[in-house]
Amino acid sequence: MAREHRYVGKNVIRRDAEDIVTGRAKYVNDLNFPDLLIGKVFRSSEPHAVIKSIDKTAALKVPGVKAVLTWEDVPDWKTGVPEVTRVLDKKVRFTGDAVALIAAETEEAADEALSLIKVEYEKLPPVYDVEEALKPESPDLYDEIKNNLLPSVDPFFGPDCLSDLIMGDVESGFSEADVIVKDTFSYENIPNPIPAEQPGVIAKWEESSGGAPESVTLWVSNQFPHLNRMILRSIMRKVDVRIIGNHCGGSFGTKLMSWQVQCYAALLSRAALKPVKMIYSKEEHIAAFVLRPGSRLRAKVGMKKDGTVTAVSGDWFVDTGYYSKTTQLQVAVGCGEAQIAVKSKNWNLKTNIVCTNRNASGIVRGFGGQELKCCLFPLLSRAMEKLDINPFDFFKKNFIRPGDGYYWRDGVWYTYRGIDFTKAIDAGAEKFGWNEKWKGWLKPASVNGVLRTGVGMGIHGNADVGEDVSEAYVRIHPNGGAVLFSGVSEHGTGQVSNFMKMVADVLRIPFEKVTKSPTDSLVNPNEFGPAGSRGTYAIGSAVINAAEDARNKLFEELAPKLDAKPQELDTEDGFVFVKDDPDRKLHWSKMGYDRSITGFGVFEPDFTLSNCMISFVEVEVNMETGQTRLLKVVNSTDVGMVIDPPGLKGQLYSCLGSSGIDSALFEETVLDPYTGHILNANLIDYKWRTSLELPPIENVVFETPMDSHCFHAVGVGEIATSPGPSAVLMAVSNATGSWIHEYPVTPERLLKIISEKTQKQDR
Amino acid sequence: MSDFNNKKSDLPVTVNITVNGEGFSFEAGERKDQVSSSETLADTIRNRVGLTGTKISCNHGACGACTVLMNGKPVNSCMVLTVECDGSSITTIEGLKNKDTGALDPLQQSFVDHTAFQCGFCTPGMILNAKALLDEKPGATPDDVKEALSGMFCRCISHYQVIDAVMAVSKEKD
């Protein structure tokens, strides 16, 4: 019989808790070095132009300025898929693109130098619309890419990377349908997760020595030090890269795409041979750092009366901004996730990843699936309306069950071997009161003068809970303690503490006796990092395996001394004992005071499990002002086992922010089509939810054991934001009685739709 | 203060502030070792006093990450010029712990107990705003807490757990 866990599943105070509440926790901008220079970027005022000349002579004369670099001064470092985006280029492709880099002894000197740089541009016409950009007459952003259409395959996911969703026979599918609906929906408000901490880095360049190559050490802010290193190695080629992680002040996926700020600082450090700190301003964070990809779906669906989707066919346009590094990966995962939520034998969903003249899209939680579903679910809703199908019945019928399958990101078909989520789906609906509130499509749940309420729901699942490789070491010491060597850094989920809890539970030692190595790519084994909710299952498995390996090695070491076989032994609080005769025991110190034992654990990718999140929302729309208020949210999930109750609660509450539910209500990045400027690149004009507007959120969490690892859990944090936005769109459509085709449901947009409808009725 | 008043007009102006009970004296001026007229209190605290618990995020008074208590009232320290702070008593997140016992302030302890943070970047600002509220109104209600924290930008949405943590310390009687 399994013993009770001491820490996993319990409220254990996070290891960094006191550091955080006392201000001791160090984020990258809190680090300081002797001779540290400040790095700044001179940015383009033009959305699309060739740089004819740059005059940096005056900037170089400013006292304290140590380096001014332009595209002519730097190596030809390139990245992107394909590799066409240069770290500094003679062409600028969005308003805010980097033109020159400055390193100075003080911020004031750097600012003064910035003001003295003179650039002459040869302006080119810009293009901002994803379909417009595809037209032959539109300007091409890159000579190498025709009509701004990027290849849809990223070799990172293998040669058969899922690039489109094509299977079965859509024509025969449509012929079986009771209704066919064709429409266009778009989630193109390019919301920005905007973690509180802005992107930044400290880079220290080292010249080659003793035959070793040139190297650069970077103190970064993100949760993926090894992946970060891999990206930089692919850009800097022969340069050795060491990544040191710190507390990360929020990422939501975005900060993996920090290669630019990191390369800028590295190049400046290379030129000045001093460490360089570069921290983006909030304006740069919003206007020159990565956004969520834009998503537009022009498609048709066929559906039967019983809610069977017979076919989906059309074009998914994905706006990636001025380059792509991860959009192909997001499209692959998005196509996979669509199949987890919607069963259809016939798909012909072609994807188009398109460059436009705005800042680039990057990774954001929801990773492709949220973007696609924000368009696909409203389209399916229109078919449901025609057949009078309750969306709850539809999603319950369509969500993945054991034995179903999907083509995942690598183009391979996987049969799902996880649990049936029906219990969570049902319980969420009951907690919300779905049956009482659902009045039918395009019908408000209640009407009170100009105020109307409406309800909506969405669902999301992701088989990336077991993506990619993780490695870990656990070193145990004669004093009865253990050190976990893992490449993760804490970015807010509490997972670093959770992995230490797992070590403590496997080794049956007090949590206080477990520590973790510094997050340093030189020290730790390879770690993909917490992404796609993979932390609990993938990283957790590597950690558990490493702890078990260390424990088994310890048993082998001490078995002869206990006159027993290793498999007859167990351990508790630093003592190894014979299971059948617990008095025969030895302290770990008997391994030798001058020894340690290191276990190694690895996790191999497994795409046969998925998580699940269902969100129900109720909104109130003021039909006179167009104002929408979020009245209530119920999230429901089944996680196998809760590892950290308050941490999970926090992840589920986070469904609102970081471009989740609020990206349907008011969050948007406003791009001026005349200048290419982002008009709300600050925290006053970019709208975000304050503590005065918190709706009640209820979370329903089940713990049906899953076949993952010894704790039978999978992660769920990443997808908390994903079902909400389309649920809001559904709720507002129902409240107003009109289909809403775009996000967010701003008063301006709603009033236009409401008045058009009234005019139609008047006619 | 007395120093300041006794100075002759041609000598550099001195700004005296107390940070977490410790006195600091800065000369105003444009040299690197002097506080310029445009230097913000946030920068002075971080770069001269060396306390980095005060975070700079938006740097224009919209997010609350840089909140400190100035004579007991919360201010966005990125919007306060250091040269205007002469004679002020500043409390930063580092100053809340009991100096003698080393114990956390009850609010800090409550944040720990409730895991009232995720990434932690806004947490110092959250705690200091809550501290100012409870100092002024020990029986604060949940609505008071929401109002007091309404200037705090938190993208992890730690607010729900923060409100629980603050209410656990509030002397409000239902």
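Visitor: Is A:Leu256 buried or exposed, and what decides that?

Guide: Keep in mind that this model is predicted. Count neighbouring C-beta atoms: 20 or more within 10 Å means buried. A:Leu256 has 21 C-beta neighbours inside 10 Å, so A:Leu256 counts as buried.

Visitor: Where does A:Leu256 sit in chain A?

Guide: A:Leu256 lies in a loop of chain A, between β14 (240-245) and α6 (259-272).

Visitor: Which residues does A:Leu256 touch, leaving out those up to four places away in sequence?

Guide: A:Leu256 is in contact with A:Asn222, A:Phe224, A:Leu227, A:Asn228 and A:Ile363.

Visitor: Now the helices. How do α8(A) and α9(A) lie relative to each other?

Guide: Start with the axes. Those of α8 (residues 327-341) and α9 (residues 369-387) of chain A come within 8 Å and cross at roughly 55°. The two helices are therefore oblique to each other. The crossing of α8(A) past α9(A) is right-handed.

Visitor: Which residues make that contact?

Guide: α8(A) supplies A:Val333, A:Gly334, A:Glu337, A:Ala338 and A:Ala341. From α9(A) come A:Gly369, A:Glu371, A:Leu372, A:Lys373 and A:Leu376. By class, five residues are nonpolar, two polar and three charged.

Visitor: How many residues does each chain give to the contact between chains A and B?

Guide: In general, interface size is often given as the accessible area lost when the parts come together. Here we have residue counts: 45 from chain A and 44 from chain B. On the chain A side, α1 (17-22) and α15 (645-653) are the elements that give two or more residues. That side divides into 20 nonpolar, 19 polar and six charged residues.

Key: Residues are numbered from 1 along each chain as its sequence is written. Chains are lettered from A and ligands numbered from 1 in the order in which they are written. This is a predicted model: local features need pLDDT of at least 70, side-chain atom pairs count only at pLDDT 80 or more; totals for chains, interfaces and linings use all residues. Helices (H or I, at least four residues) and strands (E, at least two) are DSSP runs, numbered from the N terminus. A residue is buried if 20 or more other C-beta atoms lie within 10 Å of its own, exposed if 12 or fewer, and partly exposed in between; C-beta atoms are placed from the backbone. Two residues are in contact if their C-beta atoms, placed from the backbone, lie within 7 Å. Ala, Val, Leu, Ile, Met, Phe, Trp, Tyr, Cys and Pro count as nonpolar, Asp, Glu, Lys and Arg as charged, and the others, Gly among them, as polar. Axes are lines fitted to C-alpha atoms, for helices over the stretch in contact, and angles run from 0 to 180 degrees between N-to-C directions. Angles under 35 degrees count as roughly parallel, over 145 as roughly antiparallel, 65 to 115 as roughly perpendicular and the rest as oblique. A crossing is left-handed if the near helix is turned anticlockwise from the far one by less than a right angle, and right-handed if clockwise.
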